[in-house]
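This briefing is meant to be read beside the sequence and the model. Please keep both in view while going through the points below.

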Amino acid sequence: MNDSAPDEYDSPWKEAVERYFPEFMAFYFPAAANLIDWRQAYTFLDQELRAVVRDATLGKRFVDKLVQVTLLDGAEQWVYVHIEVQGARQAGFAKRMFTYNYRIFDRYDRPVASLAVLADEHPDWKPDRFGYSLLGSETSIRFPVAKITDYHDQLENLLTQPNPFAMVTAAHILTQQTRGDDDVRFQAKWRLIRLLYERGWDKQRIIDLFQVIDWMMRLPKELERQLWQNIHELEEDGKMRYISSVERIGIERGMEKGMERGLEKGKLEAEQNTLRRQISRRFKTLPAWAEQRIEQAGQAELEQWLDNIIDAPTLEAVFESDNSMH
């Protein structure tokens, strides 16, 4: 019987991309990675991305990042990375990549390289372009796509590669393959953890990748306890202390808080998007000052503004803390 919690993908993918972005690029997009000067710092442009990418209907099925990098020729350029983590094939995926690309270009007047990782379970679905032509005018985009299913027959090879994203990919595949069978998942997870300890990586990398594996490959509490006992014995036998009891507690609490924050953030973002849509429909515009207010608002303010918009006579009145004046 499988009484474990639902599998979690988005947070581990997000954490892994942020911590090991050069390795991410080298693993999935080597041609692009070879054009980047990794001696120079790279910067995640989270605020810039939030301003143009808002899609509440996708829920937790995707991870995206906008990153500024320096190319070998010295030019600073932007890279948009989208990871479609789970779910069925989506007819609008390629159009969404096109839309995000032109939104970024339109808002910031910057060309952007769009890259996609598709982690669904449909090997025949690999959209890599979108476009249209009308009356002699043509507009289109083509973007590189890495597909996790392409690595399914390379699982054993993945487990020998030094790139941490080989391990992340293997963990994702094994999470999919062991869904519904806790005992098989326990054995797969334990194997990945043993391999982590054998790599000779520094402690922080081992802990980081352990958290990715641990978050993805959820197990019932009884099997989790057995796993921690195995890890303790492994560390004792090898006289290595990577994941102490204190770190274990921190990891578990971090996962719990992360899930709580995810639920809170999801509700907040849903209300933000609802308010944006209602303002756009009611007042035919969403000025920058209103967008800024929405972006910075807390839960209580958003709920107040959603009540206000029902009969607010002006856009400004929506954002009153007490809308009884009208």
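Where is Asp-109 found? Asp-109 is found in the loop between α5 and β4 (112–118), where helices (H or I, at least four residues) and strands (E, at least two) are DSSP runs numbered from the N terminus. This is a predicted model, in which local features need pLDDT of at least 70 and side-chain atom pairs count only at pLDDT 80 or more, while totals for chains, interfaces and linings use all residues. Residues are numbered from 1 along each chain as its sequence is written, and side-chain values use heavy atoms, with hydrogens and water left out.

**Overall make-up**

- The protein has 14 helices and seven strands, and 46% of its 326 residues count as buried, where buried means under 20% relative accessible area, exposed over 50% and partly exposed in between (1.4 Å probe, protein chains only).
- Of the contacts in the protein with a separation of 6 or more, 67% are between residues 24 or more positions apart, a contact being heavy atoms within 4.5 Å.

**Positive phi values**

- Most residues other than glycine have a negative phi.
- Asp-109 has a positive phi, near 55 degrees, and is exposed, with a relative accessible area of 59%.
- Leu-135, in the loop between β5 and β6 (137–142), also has a positive phi near 55 degrees and is exposed at 85% relative accessible area.

**Aromatic pairs and charges over rings**

- The structure holds 23 aromatic pairs, counted when rings of Phe, Tyr and Trp (its six-membered ring) have centres within 6.5 Å, with planes under 30 degrees apart called stacked, over 60 edge-to-face and the rest tilted.
- Phe-27 and Tyr-28 form an edge-to-face pair, at 4.8 Å centre to centre with 90 degrees between the planes, and both residues are buried.
- Phe-98 and Tyr-132 are also edge-to-face, because their ring centres lie 6.4 Å apart and their planes stand at 80 degrees.
- Since Phe-98 lies in helix α5 (residues 93–108) and Tyr-132 in strand β5 (residues 129–134), this pair ties together parts that are 34 residues apart in sequence; Phe-98 is buried at 12% relative accessibility, whereas Tyr-132 is partly exposed at 47%.
- Ring pairs also link a cluster whose members include Phe-21, Phe-24, Tyr-28, Trp-38, Phe-44 and Phe-165.
- Lys-65 lies over the face of Phe-44, at 5.5 Å from the ring centre, and Arg-205 lies over the face of Trp-201 at 5.7 Å; a charge sits over a ring if NZ of Lys or CZ of Arg is within 6 Å of the ring centre and within 35 degrees of the ring normal.

**Nonpolar cores**

- The largest nonpolar core has 57 residues, and those with the most contacts inside it are Trp-13, Phe-24, Tyr-28, Phe-165 and Leu-192; a core is a set of buried Ala, Val, Leu, Ile, Met, Phe, Trp, Tyr and Cys residues joined through side-chain atoms within 4.5 Å.
- Leaving aside neighbours within four places in sequence, Tyr-28 is in contact with residues including Trp-13, Val-117, Ile-148 and Phe-165.

**Helix α8**

- The 17 residues of helix α8 (residues 182–198) should span 24 Å at 1.5 Å a residue, which agrees with end C-alpha atoms 24 Å apart; the expected span is 1.5 Å times one less than the number of residues.
- Among the buried residues of α8 are Phe-186, Trp-190, Leu-192 and Ile-193.
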